[in-house]
Amino acid sequence: MTTNAAECINSCLKFARQLPMLTLAEFIRNMLQRWFHDRYRAAQTMRHQLTDATHLVLLKRVEKCGFFTINLVDWNIFSVKRYGKQWTVDLAWKTCTCNKFQMDHFPCSHALAAARERNLDLTTLCSDYYKRQTLIDAYSVPIMPVGDPSTWVVSSDIAKG
């Protein structure tokens with residue numbers, strides 16, 4: 001089985017696989033350099049603390065919040081009910097009995113309803129993995145060109161090869 005990322009790279013390298021090894025390596029470096037640059041610039045233009053895709057998921061989950069009945073158990077623990085079902089949310093430990101909150105490290109609709117009851121900033125419940133700054137940091141280190149081979153400093157033991 002392959003992942004979507006592997007399939008994407010394979011399709012991008014379809015033509016380049018026929019190139020000589022050094023040309024293929026340079027093609028891959030150039031492609032990744034372009035991707036990192038484009039993703040870095042896209043992340044910088046995002047207007048929210050969360051990435052754009054994550055922000056949309058959060059908004060969809062917030063829409064469901066209005067249909068829950070919220071009961072405060074203590075300062076951080078809430079009982080959330082809807083259609084005869086009940087979930088327990090602990091905002092301090094970032095858990096919910098639906099298990100979605102702790103599995104995704106992203107608040108489920110029950111946790112969002114509880115957080116709104118407390119007037120919390122909803123993005124504080126999200127893992128840093130979903131935040132715009134993490135995306136910026138991931139793509140902030142540029143992939144540098146290797147330069148002209150005639151300018152490379154090669155140690156003598158490698159040059160003997």
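# Sheet, helices and rings: a chat

Author: Let's start with the strands of this predicted model. Strand 1 and strand 2 (residues 77–82) run antiparallel, joined by four bridges.

Reader: Moving on to helix 3 (residues 52–65): how far apart should its ends be, and does "agrees" or "disagrees" fit the model?

Author: Helix 3 has 14 residues, and we count 1.5 Å for each.

Reader: Where do the buried residues of helix 3 sit around the axis: on the same side or on opposite sides?

Author: The buried ones are Thr 54, His 55, Leu 58, Arg 61, Val 62 and Cys 65. They cover an arc of only 125° around the axis, so they lie on the same side of helix 3. There's a handy general idea here: an α-helix has 3.6 residues a turn, so residues three or four places apart point the same way. On the other side of helix 3 you'll find exposed residues, namely Ala 53, Leu 56, Lys 60 and Glu 63.

Reader: And what do the buried residues of helix 3 pack against?

Author: Packing here goes by contact, with heavy atoms within 4.5 Å. By that test, the partners of the buried residues are helix 4 (100–104) and helix 5 (109–117).

Reader: Is Thr 51 buried or exposed?

Author: Thr 51 is in the loop between helix 2 (21–45) and helix 3. Skipping its neighbours within four places in sequence, Thr 51 is in contact with Met 46, Tyr 130, Lys 131, Arg 132 and Leu 135. Its relative accessible area is 12%, and the cut-off is under 20%, so Thr 51 counts as buried.

Reader: What covers the buried residues of helix 2?

Author: Among the residues of helix 2, Leu 24, Arg 29, Met 31, Trp 35 and Ala 43 are buried. The elements that cover them include helix 1 (4–12) and helix 6.

Reader: How many aromatic pairs are there, and what kind is the one between Phe 36 and Tyr 139?

Author: The count is three aromatic pairs. For Phe 36 and Tyr 139, the centres are 4.9 Å apart and the planes are at 85°. Planes over 60 degrees apart count as edge-to-face, so this pair is edge-to-face.

Reader: How many residues apart are Phe 36 and Tyr 139?

Author: Phe 36 belongs to helix 2, while Tyr 139 is in the loop between helix 6 (132–138) and helix 7 (156–160). The pair links distant parts of the chain, and the separation in residues is 103.

Reader: Are Phe 68 and Trp 87 buried or exposed?

Author: Their rings have centres 6.0 Å apart and planes at 80°, so they form an edge-to-face pair. Arg 82 also lies over the face of Phe 68, at 5.8 Å from the ring centre. As for Phe 68 and Trp 87, both are buried.

Terms used: Residues are numbered from 1 along each chain as its sequence is written. This is a predicted model: local features need pLDDT of at least 70, side-chain atom pairs count only at pLDDT 80 or more; totals for chains, interfaces and linings use all residues. Side-chain values use heavy atoms; hydrogens and water are left out. Helices (H or I, at least four residues) and strands (E, at least two) are DSSP runs, numbered from the N terminus. The expected span of a helix is 1.5 Å times one less than its number of residues. Buried means under 20% relative accessible area, exposed over 50%, partly exposed in between (1.4 Å probe, protein chains only). The arc is that of the directions from the helix axis to the C-beta atoms. Rings of Phe, Tyr and Trp (its six-membered ring) pair if their centres lie within 6.5 Å; planes under 30 degrees apart count as stacked, over 60 as edge-to-face and the rest as tilted. A charge sits over a ring if NZ of Lys or CZ of Arg is within 6 Å of the ring centre and within 35 degrees of the ring normal. Two strands pair if DSSP finds at least two bridges between them.
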